[in-house]
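Dear colleague,

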2 protein chains.
Amino acid sequence: MSNNGGIRITGRYNSAPPTTNLLMQPFELPEFEAFPSEPESDAAPRAAPGQLPLSVQRVDMCLLTNKKNHNTSAYNIQNLVVRRGQEFIMKVTFSRPLTQTDDFQVEFMIGSKPLASENTLVVVTFGSRQGGPWSGRVVEAQGQMLTLGITPAARAIVGKFSSYVAIATANGIQRTRSDATTDLYLLFNAWAKDDAVFYPDEAGRKEYVLNDHGMIYQGSIETADSVTHRSWDYGQFERGVLDACIYILDVSKMPITDRSDIIKVVRKGSAMINVQDDNGMLVGNWSNDYSMGTPPTAWTGSVSILLQYASTGVPVCYAQCWVYAGVFNTFLRCLGIPARVVTNFISAHDNNGSLTTNLVFNSDGSLDTEDTKDSIWNFHCWNEAYMVRVDLPPDLGGWQVVDATPQETSDGYFRCGPASVVAIKEGLLCHPFDLNFVFAEVNSVVVSSIKDRYGTLTKFKEDKNYVGKAIYTKAINSTAYEDITITYKYPEGSAEDSMTMARAQEYTSESIQPKLPKAWLLVKMSAAQVQLGQDVNLAVVFTNQSDVSQTVRAHLTGSVIYYTGVRASNPFKNLDFSVTVGGLQEKSTALRITAQEYLANRGSLVSLSFVVSGRSGDQSVSARQVVSLQTPELTVTVSGTPRVAQQMFVTVSFTSPFSFALRDVIVSMEGSGLISPKQRSYSTIAPGSKITWKESCIPQVTGLRHITASLDCSDLRGVTGFADINITK
Amino acid sequence: MSNNGGIRITGRYNSAPPTTNLLMQPFELPEFEAFPSEPESDAAPRAAPGQLPLSVQRVDMCLLTNKKNHNTSAYNIQNLVVRRGQEFIMKVTFSRPLTQTDDFQVEFMIGSKPLASENTLVVVTFGSRQGGPWSGRVVEAQGQMLTLGITPAARAIVGKFSSYVAIATANGIQRTRSDATTDLYLLFNAWAKDDAVFYPDEAGRKEYVLNDHGMIYQGSIETADSVTHRSWDYGQFERGVLDACIYILDVSKMPITDRSDIIKVVRKGSAMINVQDDNGMLVGNWSNDYSMGTPPTAWTGSVSILLQYASTGVPVCYAQCWVYAGVFNTFLRCLGIPARVVTNFISAHDNNGSLTTNLVFNSDGSLDTEDTKDSIWNFHCWNEAYMVRVDLPPDLGGWQVVDATPQETSDGYFRCGPASVVAIKEGLLCHPFDLNFVFAEVNSVVVSSIKDRYGTLTKFKEDKNYVGKAIYTKAINSTAYEDITITYKYPEGSAEDSMTMARAQEYTSESIQPKLPKAWLLVKMSAAQVQLGQDVNLAVVFTNQSDVSQTVRAHLTGSVIYYTGVRASNPFKNLDFSVTVGGLQEKSTALRITAQEYLANRGSLVSLSFVVSGRSGDQSVSARQVVSLQTPELTVTVSGTPRVAQQMFVTVSFTSPFSFALRDVIVSMEGSGLISPKQRSYSTIAPGSKITWKESCIPQVTGLRHITASLDCSDLRGVTGFADINITK
């Protein structure tokens, strides 16, 4: 009997599936369970004839050995953490040495209603009888102590199991008492060939599963050298983070039995990292009002977000795409899934499942903001997770796009993926999940139309190469980026690229676009990289391919935009100008936008968007240029002895280059294994002045560690800095 | 700016998409709209120089001609109903004959925020200028009156459009006033080659789009002649039904722009027909307590359900699968989509996405109801809708399974499909939507396991041929069934069947099943068809393939089950017996179950399930037999003159063959175009007595019409009857 929407539904279900493994009141197997054939009154164990009673004196989960073999030593947790599809050992000490007739088994249990048929109750036997899907063997017998080797199935459920040693007595099963210290966390295993997340290379596993720090790329690719990086502390091994990741799955009400399936786990993860639909973790905010929470630009890592959500159950404020991607990456790596954060520069956000992004211009050359529904993001961050796709034809496994940013609903919920990167490259959009949407993000054709005075749209331009300019991720064992565009797309203009686009179009219900009129007028716009506070110099070049002189009526619109391409306010600049271009000539017009013009909007400054349109005779043309404003870096330095358990110091400093004061400034720092997340506020940083913040810390682990810092206020978003420190013994 | 879960999200969306076309306060285009280049103060139309002012005097939507050409005459509605991708005509009378310089256009608009870029505002021009995606031509000009031909795009949005005639004056657009009588319903078009729902055969279109009556098959295929039919009044043309179908899409908040896409419309329909998740239409109830609504077995058609939901907005109580399928069929045909109701006999309900149905037996031979999660339905009804699948490789179009019964969530919601029937037959489960689930319904392998006293499961039987025995739908132009099993599966045991099963298994994460031990013991069970109130005779045959005599300890469990295979109460029969079978011999045991034994449970009587298990040495065997209890038919007769607008009479009668009294009996009848849904209650029908109910009616349409009647009470569910009448002029 199930309860659904307040309506009793009998006769349809046997029972509702269990959906949580972090129980307030843990389910416990009984200490003694009589065999079904025995009288029920027989409630105490009876030894076999001629045998001394047997009992279990001690169970040792062998944490040190197992964690080392399973690459889980870094997890800051008291319990055993192992990966599925790989043997771990347990040492069981009995009350006396075992004889031929003694019989015992080890049982693992997850969720509120463990059942052998669902693999939520697993019986492991050691040669005496047939057991469940996990195999067992006696590695060594020394007197009363047995060393047992247990190999969880490579398709086992991932989560927190309790464990029992059970002795078969003459009349029933006698178990060890329930004991939280023998609870076991089972993870996905990138080292196991039979696991769907097997990753074939050790350097890759170290980066994509074990690295708890990374770089997220942002900024703009439209002007030279404008790509910026943001250091991010994933912190998947920090205390409480693994429990927080399991908590997320429990809150999602995902059936325990589904948690063996990598495809379902990552899809559910992409739904749960955002608050939408399901009371998930992160509240998005793309306004400039972050007064009710932490600005997306102020976070330095995932740990405080995960711990806050798991301890309060309340969604955390606020996120934008790199925050979703950073936290989702922690979730994936923490559960053992190879994962990385990826940035797509000039990312189309296509809101109707077509493969085109539509820009509609009014007859006066200005953008029609009502009719223009789609947007183009300067950059967009998502994740890739590595897996076999058993649900798809071979060859579509490997990296899969998963995206937790709530852009559009996927089949009813805000979630996205897994979408095979190979399928995107090949245009094979006929498979699950969300291939259309991701394909459009990297391949959308930008279609410009003009609306005449009768309300009819006429297309005048199609740009196939504007969107998806470059796709970056952090390189393995380096802080530099790796350009992975080639994994998503064949080179623009190649025969394979045309084939892919044609195949993709077949799988959409896109109507056939009318042919464009022959173009004789062209326009291009360019700008150099600009520091925040400097003037912007634009060059607009019209090319006249007809053989007679033409006068172009042109219009320039300048707006402050969020990185999502959406305007923050009304345009700060609207300029009509006209240009006469001789036959078969081109003419460049220099336009200067002063800092005063755009700084009036600096409350939400992220970047500037300029759209120029021009009209002459039957021709309409337009061009778009985004100028990402560069901000100064934060300086992070370390001093003292970088040794485990010795005090050392971290200093974050910043000198304002601005002519205006910064107010209500938040400075943050953190470094997994080194220093927990910390924040400090400054009410004012005067023009040209310097702040310095020194903190002491005591490193807990050896190896290369990272400090990430950020500075954030309403007039200056997303200033970051970082430092690497090698911690020795 | 969008409002999502109470959180303002700016900087991310331009605006929320419109989701309704039945507005309380309809959106209206202004009667005069000045051209953008004109001064804003110029708020009245100005005639072109040297021209008399032009205005529209009359617009005629030509209902009779258009409805005949578009096969929509049967819709009982005041407005024009046409199908997309096919020309309809409009007659427009102007204030004077048009001259060369006059310019006008026709505009169609749907939803609260019509936009040309979204095709929710469509501008149709007639040769003078470029227009929108619908084409227009002047068919005939007679003085002031023009006959216009308008062809909506074959991919147009389906729903209710308002229409305007607009004249281009010298300084702006002047429109006709908003007028509800010129509103237009646009439907999918099975007659148009370019429409995704094109059906290539006229007899098929008449059945699957235009027939407003049908047969739904039920009962059991396990005993001979136990398949029953149930007459169902679809009533898709009845007054208010088309508006109710559009209301359902509006309640679902489905964006208007998505309603051009057949795949999205049927998927959304399958979610909305059930109440789950989205405040949809029908509340399921598989208990035997229907006191808060109408028993699922009492409905005779869809009309009253649709009208009740649309007029109150409150979900309707109660449905089981044939009610969901019947109402969904009305929804589909009403919107112009070729659709039919299909019954799958012995339908597996696999609740974990595997391709196996697991039955777990205790060591005493009884079924372990905790560990047995899946169920097997005697029959299950779903729908097929016919369409091109542009999102899939070619050849996977045609009939698609869609299912509104809330069995399992599909990617988060209770909905199912569209799932290509061809893909099911070929085992191509790597495409959307829900192919795994439907494949299992018709192909699931029934795996029987025994649970030993240590809690370990051991498989002892695999039955590949039990599930999906036969799939029936009503034949075209007949009330007989058509067996369409071959469209879902290759013949059992054929080479193609093995290939399909192998391919399907590749696409699931199913673990490899251990080999079965060699079987030397077999069991079969059989029964004949039984009338409710008669004794049941079972024959249990054990076959011993070893060459020595064996004694089998056997156990029989008899339960009353719902048609879903779920037990209604504790078993009414538990019998241990033992059989000795000689080497290489078989032995039949006759078991008689008296009516008294099962009638004690008759409150929820649907059918009886018998499970026999046997054990001998290392062998366990089991067999299952469902006995569907036959009920008497209801007699429906007509008298009087079967002519349009003439009174005639319908008589429903029933004679109880039972030895017990029937209490609180509901008798229902309806017949689209003949008689609206009616109900009558009888507090008692005494043993052996007869009831007779005569109603008068006045037929409204000619042709073959149908009366459907049902009789329902808690002791006797689902007694139905029907009659056909040919109505003449």
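This is a predicted model: local features need pLDDT of at least 70, side-chain atom pairs count only at pLDDT 80 or more; totals for chains, interfaces and linings use all residues.

Residues are numbered from 1 along each chain as its sequence is written, chains are lettered from A and ligands numbered from 1 in the order in which they are written, and side-chain values use heavy atoms, with hydrogens and water left out.

Two packed helices are described by the angle between their axes and the distance between the axes. Helices (DSSP runs of H or I, at least four residues) and strands (runs of E, at least two) are numbered from the N terminus. Axes are lines fitted to C-alpha atoms, for helices over the stretch in contact, and angles run from 0 to 180 degrees between N-to-C directions.

In chain A, the axes of helix H3 (residues 241-251) and helix H5 (residues 303-312) come within 9 Å and cross at roughly 55°. This makes H3(A) oblique to H5(A); angles under 35 degrees count as roughly parallel, over 145 as roughly antiparallel, 65 to 115 as roughly perpendicular and the rest as oblique. On the H3(A) side, Val241(A), Ala244(A), Tyr247(A), Ile248(A) and Val251(A) meet Val303(A), Leu306(A), Leu307(A), Tyr309(A) and Ala310(A) of H5(A), where contact means heavy atoms within 4.5 Å. This contact of H3(A) with H5(A) has 10 nonpolar, no polar and no charged residues. Ala, Val, Leu, Ile, Met, Phe, Trp, Tyr, Cys and Pro count as nonpolar, Asp, Glu, Lys and Arg as charged, and the others, Gly among them, as polar.

Helix H4 (residues 262-272) and helix H6 (residues 321-334) of chain A have axes that come within 10 Å and cross at roughly 150°. H4(A) and H6(A) are therefore roughly antiparallel to each other. Their contact is made by Val265(A), Val266(A), Gly269(A) and Ser270(A) of H4(A) and by Phe328(A), Phe331(A) and Leu332(A) of H6(A). By class, the residues in the contact of H4(A) with H6(A) are 5 nonpolar, 2 polar and no charged.

Aromatic rings

Over all chains, the structure holds 58 aromatic pairs; rings of Phe, Tyr and Trp (its six-membered ring) pair if their centres lie within 6.5 Å, and planes under 30 degrees apart count as stacked, over 60 as edge-to-face and the rest as tilted. The rings of Phe361(A) and Phe460(A) have centres 5.9 Å apart and planes at 55°, so the pair is tilted. The pair links distant parts of the chain, with Phe361(A) in strand E19 (residues 356-361) of chain A and Phe460(A) in strand E26 (residues 457-463) of chain A, 99 residues apart. Both Phe361(A) and Phe460(A) are buried (under 20% relative accessible area, with exposed over 50% and partly exposed in between; 1.4 Å probe, protein chains only).

One aromatic cluster is formed by Trp286(A), Trp322(A), Tyr324(A), Trp377(A), Phe379(A) and Tyr563(A).

Buried helices in chain B

Helix H3 (residues 241-251) of chain B is mostly covered, with 8 of its 11 residues buried. Among them are Leu242(B), Cys245(B) and Asp250(B). H3(B) is followed by Lys253(B), whose phi is positive, near 60°. In helix H2 (residues 202-210) of chain B, the buried residues are Gly204(B), Arg205(B), Glu207(B), Tyr208(B) and Val209(B).

With kind regards
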